[in-house]
Amino acid sequence: MQMGMVLVVTSGVIATLRQQSAAMAPHEACGLLLGHGQTITGARPTANLAPDPARQFEIDPAALVAAHRAARNGGPAVLGYYHSHPTGDPTPSPTDRARAGHDGRIWAIIGAEAIGWWRDERHGFTAETVQIIP
Ligand SMILES: [Zn+2]
C-alpha cells in the first residue's frame, strides 16, 4: 500500500450517507462528496434524475455545476460522488462501470449493509482504504 493514500472520511459524512439512503429507498439516493485532498468532510444530497431511480442514479447536473462554482470561490472541492444500492452490494454495477468518467474521483456506494469506497481510475474502479474520523 502506498503511504499517504488512505482516504479520510468524517463520521458525519457516513451518517448522512446512511440516513439519505434509508430515506430514499427503494429509490437510489445520490449526491456529492466534498472536501480537500484525501479528506471528505461533506456529503451533499442531490435529486436523482434517472428515469428509473430504483435501478439507476443520475446526479442533478445543476447541483454539480453549483458545487464546482462554489469550489472555485473557495469552497470545498468536489472529490467524488455517492449513490446507494438499497438492496444490493456496495460494489460498482455494470451500469456504474459503463457510466464511469475515469477521472480519478471517489465513488461511495451505500449497500444494504456496508459502504464501499472506490476510485474511478483510468482503467476501472479500485477499492480505497478508508479511515473514519470524528
Ligand atoms: Zn450503482
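Colleague: Among contacts in the protein between residues at least 6 apart in sequence, what percentage join residues at least 24 apart?
Modeller: This is a predicted model, and the value is computed from it. Taking the contacts between residues at least 6 apart in sequence, the share that joins residues at least 24 apart is 60%.

Colleague: How does the radius of gyration of the protein compare with what the globule rule gives for 134 residues, and what is its value?
Modeller: Three helices and eight strands make up the protein's elements, and along the sequence they follow the pattern β-α-β-β-α-β-α-β-β-β-β. For 134 residues the globule rule gives 14 Å, and the protein comes close to that, so it is as compact as a globular protein of that length. The radius of gyration is 14 Å.

Colleague: In what order do the eight strands lie in the open sheet, and which strands stand at its edges?
Modeller: The eight strands form an open sheet with mixed pairing, in the order 7-6-5-4-2-3-1-8. Two strands have a single partner strand each, so one side of each is left without a neighbour in the sheet. These edge strands are strand 7 (124-127) and strand 8 (130-133).

Colleague: Do strand 2 and strand 3 run parallel or antiparallel, and how many bridges join them?
Modeller: Strand 2 (residues 30-36) and strand 3 (residues 39-46) run antiparallel, and they form a hairpin with two residues between them, where Gly37 in the turn has a positive phi of about 60 degrees. Along this pairing, Leu33 has Ala43 as its bridge partner, while His36 stands opposite Thr39. The number of bridges joining the two strands is seven.

Colleague: Which residue in strand 3 stands opposite Val9?
Modeller: Strand 1 and strand 3 run parallel and are joined by two bridges. Opposite Val9, the residue in strand 3 is Ile40.

Colleague: Why is Thr39 classed as partly exposed?
Modeller: Thr39 lies in strand 3, and its C-alpha atom is separated by 21 Å from that of Ser21, 18 residues apart along the chain. A residue counts as buried with 20 or more other C-beta atoms within 10 Å, and as exposed with 12 or fewer. Thr39 has 16 such atoms within 10 Å, and therefore it is partly exposed.

Terms used
Residues are numbered from 1 along each chain as its sequence is written. This is a predicted model: local features need pLDDT of at least 70, side-chain atom pairs count only at pLDDT 80 or more; totals for chains, interfaces and linings use all residues. Two strands pair if DSSP finds at least two bridges between them. Helices (H or I, at least four residues) and strands (E, at least two) are DSSP runs, numbered from the N terminus. The radius of gyration is taken over C-alpha atoms; the globule rule is 2.2 Å times the number of residues to the power 0.38. Two residues are in contact if their C-beta atoms, placed from the backbone, lie within 7 Å.
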